[in-house]
Amino acid sequence: MKALSVKNLNVAFGRNVVLEDISFELDSGVIAAVIGPNGSGKSTLFRAILGLIPYAGEIKIFGDPIKAALPRIGYMPQHFDFDRTMPITVSEFLSFTAPRLRKPKAETICGDVQVDTLKHKLIGELSGGQLQRVMIAQALYKNPDLLLLDEPSSGIDIEGAKAFYELIEHLNTKHKVTVLLISHEVNFVHRFADQIICLNRKLICDGAPAEVLNRETLNKLYGSRMNLHLH
Amino acid sequence: MLELLNYPFMQRALIAGVLLGSLLALMGIFVVLRRMSFMSDGIAHASLSGVAAGLLLGANPLLTAIGFAAVFAIIIALLERRTKLSSDAIIGLVFTSGMALGIVLLSFSAGYRPELTSYLFGDILSLHWNELALMAVLGVTIAIFILARYRQLALFILNQETAYVHGVHIELFRILLYVGVAVAVVLGMKLLGIILVSALLIIPVTTAKLLANSFRVLMMLSVLVADIAVIAGLFISAAFDLPPGATIILCGMALFILAALGRKIVFKGLM
C-alpha cells in the first residue's frame with residue numbers, strides 16, 4: 001500500500017497559485033525529501049497533506065482520507081509559534097500531546113532525541129535546538145506510521161544535522177516509519193533519502209536521488225549557484 | 001469577625017464567591033494565555049442586553065443574560081472563522097451593539113430599577129438560594145469540562161496547528177471555550193458586576209504566572225489566589241462596610257503586588 005498518494009493537487013490563496021498540478025506517491029517505509037527554493041510551496045504542500053488548508057485534488061494517506069489518517073501522522077512544523085511566558089514544562093507538553101502513551105515508550109523516545117534532561121524545563125526557556133528536539137519528540141509520541149518533518153535540521157550545525165539524519169534513518173529502519181521531510185541540505189538528503197521530490201510551485205522532479213539530483217534539476221530549482229558536494 | 005458566618009447572606013456569598021472565584025480563575029488561564037481579555041470584557045458589557053431583556057420580560061435576568069452572552073460568544077467565534085475582520089473589530093462590534101441594545105431595552109422599562117445596579121457593580125450579599133443553585137450547576141459543569149479537557153485546552157492555546165494534529169477539534173474547542181468564558185463572566189457579574197468581572201479572570205492567573213513552574217501549578221495557584229482574594233475581600237468589605245466586588249479586586253491586586261515583590265526578592269537572592 002502507498003503511504004501517501006497525491007493526485008493533481010492545486011493550492012491557491014486568492015489569485016496566487018502556490019501549488020499547481022502536483023502528483024506523486026510514496027511507498028511505505030521510504031525516506032523521501034522535498035527540496036526547492038524559498039517560496040516554492042514546500043510547507044504549503046505539508047499543510048495540504050495535513051488538511052490544514054483548502055486544496056483541489058486528491059490526497060490519500062495509507063489509502064484513507066486525511067481526517068481518518070491523522071492519528072497515524074507525526075508532524076514537526078518549521079516554526080512553532082507560542083506564548084513563551086506560558087508556564088508549561090517539556091514533560092507536560094509531551095504528555096498533553098499523547099496522554100495514553102506508556103511511560104517506557106515515552107522514555108525511549110526522549111532518550112533517542114535527547115530531551116530526557118529537558119523534561120522539567122519550561123518550553124518557553126528552551127534554546128532553538130532544544131525546542132526542535134522537543135518538537136521531534138512530540139511527533140514521535142504519536143507512534144506515527146508517517147512522519148512529516150518541515151526543515152527539521154535548520155539552525156543545527158553540520159554535525160548536529162548529521163546526527164539528526166542518522167536518527168531519522170534509525171527510526172525508518174527500526175520502526176518502519178515512512179518519512180517525508182523538507183530540507184535545504186541537498187547534500188545530506190542525497191545520502192539519506194530514497195526518493196527526492198523537487199518543487200518549485202510545480203513538480204520539477206520525482207525519483208531516486210541518483211536519478212534526479214543532477215546539475216540540470218538543481219539549475220531549474222536554484223539557478224546556477226548550487227553545486228553538489230557529497231559529505 | 002467569624003460571627004458573620006452565622007448570617008445566611010454571608011454563607012451564600014462565601015459559597016458563591018469561592019465557586020465563582022475558582023471558575024473565573026480556571027477560565028482566566030485560557031483567557032489570559034490566549035489573549036482574550038478584550039473578548040471577556042466585551043461579552044460582559046454586551047450581556048447588559050440580556051439583563052435588560054430579563055428585567056423587561058419579568059424573567060430572571062441572570063438566565064436571560066447567560067442566553068444572550070452564549071449567543072454573542074458563538075457569533076464572535078463564527079465571525080472570526082468566516083470573515084476577514086480582525087478579532088478586535090468583531091468583539092468591538094458585538095460589545096457596543098450589545099450594550100446599545102441593552103440601553104434601548106432599558107428605555108422601555110419605566111421607573112428606577114434597583115436590580116440593574118446589582119448587575120452593573122455586583123451585589124453578592126443579595127444573592128438568593130435559587131441563584132446560588134444555578135451558579136453551582138453551571139459553574140461545576142464548566143469546571144468539570146475544564147478539568148477533564150485541560151490538556152487539549154492547553155494545546156489549543158499553545159499552538160492550534162499542533163493541537164489539530166494531535167486530534168483536538170479546533171472549531172468545537174473554540175466555540176466551547178468562548179461559550180464557557182461567556183457563561184462564567186455572566187455568573188461572575190453577580191459577584192463583581194459587568195464593569196469589574198474581567199478582573200477575576202485576569203488577576204489570579206497573572207499573579208500565578210509569576211510563581212508557577214508548570215501548567216498544573218499554574219492552575220492550582222490561580223484558583224488559590226482567586227479564593228483568597230474572594231474570602232478576604234468579603235470579610236473586609238463586611239467588617240468595614242465597603243462594596244464587596246471592588247474590595248475583592250483590591251485584595252487580588254494586593255496579592256499580585258506581594259507575588260511580584262516576592263519573586264523579585266527571591267530572584268535577587270539567587271543572583
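Figure 1. The sulfur atoms of A:Cys198 and A:Cys205 lie 1.7 Å apart and form a disulfide, a term used for a pair of cysteine sulfur atoms within 2.5 Å. Such a link is a covalent bond between the sulfur atoms of two cysteines. The torsion about the S-S bond of A:Cys198 and A:Cys205 is about 40°, so this disulfide is right-handed. Over all chains, the count by this rule is one disulfide. Two further cysteines may be located here: A:Cys110 is buried at 0% relative accessibility, and B:Cys251 is buried with a relative accessible area of 13%.

Residues are numbered from 1 along each chain as its sequence is written, while chains are lettered from A and ligands numbered from 1 in the order in which they are written. In this predicted model, local features need pLDDT of at least 70, side-chain atom pairs count only at pLDDT 80 or more, and totals for chains, interfaces and linings use all residues, whereas side-chain values use heavy atoms, with hydrogens and water left out.

**Figure 2. An open sheet of chain A.** Three strands of chain A form an open sheet in the order β2-β1-β4, with antiparallel pairing. Strands (E, at least two residues) and helices (H or I, at least four) are DSSP runs numbered from the N terminus, and two strands pair if DSSP finds at least two bridges between them. At the edges stand β2 (16–27) and β4 (56–61) of chain A, each pairing on one side only. Direction ignored, neighbouring strands of this sheet are turned by 15° against each other on average; the axes are lines fitted to C-alpha atoms, for helices over the stretch in contact, and angles run from 0 to 180 degrees between N-to-C directions. Strand β1 (residues 2–13) of chain A pairs with β4(A) in the antiparallel sense over five bridges. A:Lys7 is placed opposite A:Glu58 in β4(A).

**Figure 3. Salt bridges in chain A.** A salt bridge is a side-chain nitrogen of Lys or Arg within 4 Å of a carboxyl oxygen of Asp or Glu, and the structure holds eleven of them over all chains. One of these joins the side chains of A:Asp27 and A:Lys2 (2.5 Å, N to O). This pair links distant parts of the chain, A:Asp27 in strand β2 and A:Lys2 in strand β1 of chain A, 25 residues apart. Another salt bridge connects A:Asp145 with A:Arg72, whose closest N and O atoms are 2.8 Å apart. A:Asp145 lies in the loop between α5 (128–141) and β6 (146–150) of chain A, and A:Arg72 in the loop between α2 (66–69) and β5 (73–76) of chain A, so the pair ties together parts that are 73 residues apart in sequence.

**Figure 4. Charged pairs in chain B.** B:Glu131 and B:Lys190 form a salt bridge through their side chains (3.7 Å, N to O). B:Glu131 belongs to helix α7 (residues 129–158) of chain B and B:Lys190 to helix α9 (residues 170–196) of chain B, so the pair ties together parts that are 59 residues apart in sequence. Both B:Glu131 and B:Lys190 are buried. A network of salt bridges links B:Glu80, B:Arg81, B:Glu171 and B:Arg174.

Notes
Buried means under 20% relative accessible area, exposed over 50%, partly exposed in between (1.4 Å probe, protein chains only).
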